[in-house]
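Before reading on, please open the sequence and the three-dimensional structure side by side. The paragraphs that follow go from helix pairs to domains and then to the ligand.

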Amino acid sequence: MPNPECACAEKTRHLSLNGTRSLAPQRDLFDIPEEVCYLNCAYISPLLKSTVEAGKQGIERKSRPWEIRPSDFFSTAGEVRQMASSLLGSAPSDIAIVPSASYGLATAARNLPVQPGDNIVVLAEQYPSNFYIWERLAERSAATIRTVPRPLNGDWTSNVLEALDSKTAIAALPHCHWSDGTLVDLRQVRHRLDELRGALVVDLTQSLGAMRFNLDQIRPDFAVAAAYKWLLGPYSTGLLYVDPRHQRGEPLELPIFSRKNAADFSDIRYRTEFEPGACRYDVGEVANFALLPALLRALTQIVEWGIPAIETELAQRTHTIANSAKTLGLEVIDSKFRAPHFVGVRFPGGPPPGLAEHFRTENVYVGIRGNALRVTPYLYNTEEDLARFAQVLRATL
Ligand SMILES: Cc1ncc(COP(=O)(O)O)c(C=O)c1O
């Protein structure tokens with residue numbers, strides 16, 4: 001059935017100057033009170049109204065289990081794989097459904113060989129879900145963690161390339177740093193890893209859905225994204241891309257639905273074979289009747305908007321935010337080193353005390369991560385929101 005909200009988004013599209021479609025603010029699709037200026041999508045995105053509806057219908061289904069058929073254990077998951085693959089540019093069968101980034105990263109860690117004396121490369125202050133598992137793998141394999149120092153100018157890529165060597169078994173990296181959006185050029189990293197025969201694991205939690213990802217050029221061994229930020233999904237849902245060369249590996253769990261002909265509930269024999277593809281890495285109870293329909297609705301909306309159009313819109317908002325901060329004499333990373341949907345603002349001498357509270361009192365929501373004020377807008381933010389942010393920022397100085 002056509003979705004009326006998608007149809008409405010269709011009407012508001014135009015071609016922008018750089019050829020991507022431009023989108024009008026989509027605030028009406030979210031349940032955000034007028035007085036709330038929410039600029040913290042990198043923390044948790046609000047759900048679309050249509051996603052909440054899909055989730056409600058999903059949870060209600062279990063009031064009527066007699067209506068749930070064996071094929072329902074597979075169909076929504078199949079549609080989620082389809083949508084995820086169109087966001088990533090992969091085949092649907094390359095996608096596993098996972099409950100968190102850490103689950104996907106633990107799957108990657110289980111399936112990549114590391115020898116004594118090898119190193120695993122991570123960024124300084126990388127998100128813990130993409131650090132603890134490698135720390136443990138390094139300990140268990142007599143390997144070392146090699147931490148790339150934070151660059152003063154925002155150029156992680158040069159520092160990462162310098163850290164890679166013939167002993168690099170894995171580079172476990174994000175597309176942009178979660179604390180301030182500083183970018184890693186994953187294409188260059190992949191190129192170097194090809195020469196060194198190292199594996200690339202990417203955490204796209206802070207980027208997939210908001211900025212383009214070129215699968216053909218980056219060719220990660222594994223790529224994961226928790227869905228509750230830029231994919232607008234519910235908490236405890238996520239996507240794992242698995243390169244075909246790792247699709248015969250060892251899953252963390254051995255759930256029944258990944259096995260061949262699992263949909264035949266009347267046949268109670270054990271199955272030894274898995275269905276082909278990445279679904280062997282799915283979390284148990286992958287059908288998750290409450291959350292998967294909600295995730296599907298969110299991914300469908302993102303596919304409908306299109307990532308290039310989202311990226312263009314968010315880049316315009318962050319440009320305005322960055323200019324407001326610069327006008328006040330604050331330091332902002334050069335746009336060529338930061339993701340289009342992030343602004344990290346640094347204060348000379350560190351953030352003023354009580355900064356977060358000050359913003360919150362004014363109903364303006366931003367993040368403070370380390371030394372940076374992290375401002376991450378989305379399509380629901382209007383020009384008024386951006387003006388309010390600038391006003392409140394000025395008042396904190
Ligand atoms: C870069 C990054 N990765 C992963 C996560 C979430 O990890 P998990 O799903 O394991 O809780 C976050 C949450 O802020 C994040 O910023």
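How are α3 and α9 oriented relative to each other, roughly parallel or roughly perpendicular? This is a predicted model, in which local features need pLDDT of at least 70 and side-chain atom pairs count only at pLDDT 80 or more, while totals for chains, interfaces and linings use all residues. Residues are numbered from 1 along each chain as its sequence is written.

Helix α3 (residues 72-88) packs on helix α9 (residues 291-305) at an angle of about 30°, and their axes are 9 Å apart; axes here are lines fitted to C-alpha atoms, for helices over the stretch in contact, with angles running from 0 to 180 degrees between N-to-C directions. The helices themselves (H or I, at least four residues), like the strands (E, at least two), are DSSP runs numbered from the N terminus. Therefore α3 and α9 are roughly parallel to each other, given that angles under 35 degrees count as roughly parallel, over 145 as roughly antiparallel, 65 to 115 as roughly perpendicular and the rest as oblique. On the α3 side the contact includes Thr76, Ala77, Val80 and Met83, and on the α9 side the residues include Leu292, Leu295, Leu299 and Val303, where contact requires C-beta atoms, placed from the backbone, to lie within 7 Å. The residues of this contact divide into 12 nonpolar, three polar and one charged, with Ala, Val, Leu, Ile, Met, Phe, Trp, Tyr, Cys and Pro counted as nonpolar, Asp, Glu, Lys and Arg as charged, and the others, Gly among them, as polar.

A second pair is formed by helix α4 (residues 101-110) and helix α5 (residues 132-141), whose axes come within 9 Å and cross at roughly 25°. These two helices are therefore roughly parallel to each other, and the crossing of α4 and α5 is right-handed. Ser102, Leu105, Ala106 and Ala109 of α4 meet Ile133, Trp134 and Leu137 of α5, a set with six nonpolar residues, one polar and no charged.

Helix α6 (residues 156-163) and helix α7 (residues 186-196) pack at an angle of about 10°, with axes 10 Å apart, which makes α6 roughly parallel to α7. Their contact brings together Thr157, Val160 and Leu161 of α6 with Gln188, Val189 and Arg192 of α7.

At the level of the chain, the domain assignment, which is automatic or taken from a database, gives domain 1 (4-30 + 306-396) and domain 2 (65-304). The C-alpha centres of the two domains lie 27 Å apart, and 21 residues of domain 1 are in contact with 18 residues of domain 2. On the side of domain 1 that touches domain 2, the largest share, five residues, comes from α10.

Finally, the residues around the ligand include Ser100, Ser102, Tyr127, Trp178 and Asp203, each having a C-beta atom, placed from the backbone, within 6 Å of the ligand. The shell divides into five nonpolar residues, six polar and one charged.

Methods
Two residues are in contact if their C-beta atoms, placed from the backbone, lie within 7 Å. A crossing is left-handed if the near helix is turned anticlockwise from the far one by less than a right angle, and right-handed if clockwise.
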